[in-house]
Amino acid sequence: MKGPRSALGCGQKPGHHGIGSKAGYAMRDDTAPEIITAGLLVIGDEILSGRTKDKNIGYIAEYLTRIGIDLREARVVADDESAIVEALNAMRARYSYVFTTGGIGPTHDDITADSVAKAFGVAIDYDERALALLKERYAAIGTEMNQARMRMTRVPKDAELVPNKVSAAPGFWIGNVIVMAGVPSIMQAMLDEVAPQLKTGIRMLSETVRADCREGDVGTELGEIAKAHPDVMIGSYPFVDEVRGPNANIVVRGRDSARLAAAKKAIEKMLDQKRAPIAAQR
């Protein structure tokens, strides 16, 4: 599997970073950190109907963040060719990578592979490499290689296979699009296979501060701190404490450890000032 080639979009030439700034590669000088971005396209009627609860978005988001890729968007679309093609073309022009999950199984409504081929304007056919993998797998477990299972060997022209150590049926990688299974255990195995070949940027750092006061009590002050520290992201996430009642966690995220620490220190100082009158009343 040729990872470096796969970071290129349709019609791009080696040596070019994506499709201008739209592909997620910032036009930058040599000193600015490169930000690598990703989009996730979840495919399947069963997700939209609620019959199947998605377990992949959170896993992929955490996985990519950990290795230095920003997941910027996640979409869920039905098993509809035009919807898949439209979403895929929009996302692959916008991000460094697009990951898809779902729709590469043996049934008639598994149309992801055909839809990806259409989005890239390439042919799709039975792939000898994929066919060999499945024949070996099914021979080993005594399962018939029927026409339905043959569907899982159809791969767009020039795509690289993504190995599947769980059930053998591969995903594939074409341009900057990585197509994976929807079954969580298989998707996770496929992600492990492609991860070493992904281009990554500076990892996002994160710190959490427990407010021990209500979110509404610190909203204005957090806004002022955010303005004073524009290079970090500050989020407030309310929860209910069994003892204190309404509470909040303040999460600070950024790529520069010194700037992150400065913002965290400002938040902690502000919270100390907010808590002091409450403590004095006890």
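## Report on a predicted model

K274 is partly exposed, because its relative accessible area is 29% (buried is under 20%, exposed over 50% and partly exposed in between, with a 1.4 Å probe and protein chains only). This is a predicted model, in which local features need pLDDT of at least 70, side-chain atom pairs count only at pLDDT 80 or more, and totals for chains, interfaces and linings use all residues. Residues are numbered from 1 along each chain as its sequence is written, and side-chain values use heavy atoms, with hydrogens and water left out.

K274 belongs to helix α10 (residues 257–280); helices (H or I, at least four residues) and strands (E, at least two) are DSSP runs numbered from the N terminus. Apart from neighbours within four places in sequence, K274 is in contact with D217, V218 and E221, where contact means heavy atoms within 4.5 Å. Between K274 and A211 there are 63 residues in sequence, yet the C-alpha to C-alpha distance is 9.4 Å.

The protein chain as a whole contains 10 helices and 11 strands. Of its 282 residues, 43% count as buried. Among contacts between residues at least 6 apart in sequence, 70% join residues at least 24 apart.

The model also has a cavity and a pocket to describe. On a 1 Å grid over the protein atoms alone, a cavity is a set of points where a 1.4 Å probe fits but cannot get out, whereas a pocket is an open set with protein on both sides within 12 Å along at least five of seven lines; lining residues have an atom within 4 Å of a point. Grid points are joined across faces, edges and corners, and a volume is the space filled by probe spheres set on the points. The structure holds 1 cavity of 30 Å³ or more. Of the 14 residues lining the largest cavity, I104, A113, R151, M152 and R154 are the closest to its centre. Two or more lining residues come from each of α5 (112–120), β5 (154–156) and β7 (171–174).

The largest pocket is lined by 31 residues, and G102, G103, A181, G182 and V183 lie nearest its centre. At least two residues of this lining are supplied by each of β1 (37–43), α2 (45–49), α6 (128–141) and α8 (184–194).

The table gives volumes and lining classes. Ala, Val, Leu, Ile, Met, Phe, Trp, Tyr, Cys and Pro count as nonpolar, Asp, Glu, Lys and Arg as charged, and the others, Gly among them, as polar.

| Space | Volume | Lining residues by class |
|---|---|---|
| Largest cavity | about 130 Å³ | 7 nonpolar, 3 polar, 4 charged residues |
| Largest pocket | about 500 Å³ | 13 nonpolar, 10 polar, 8 charged residues |
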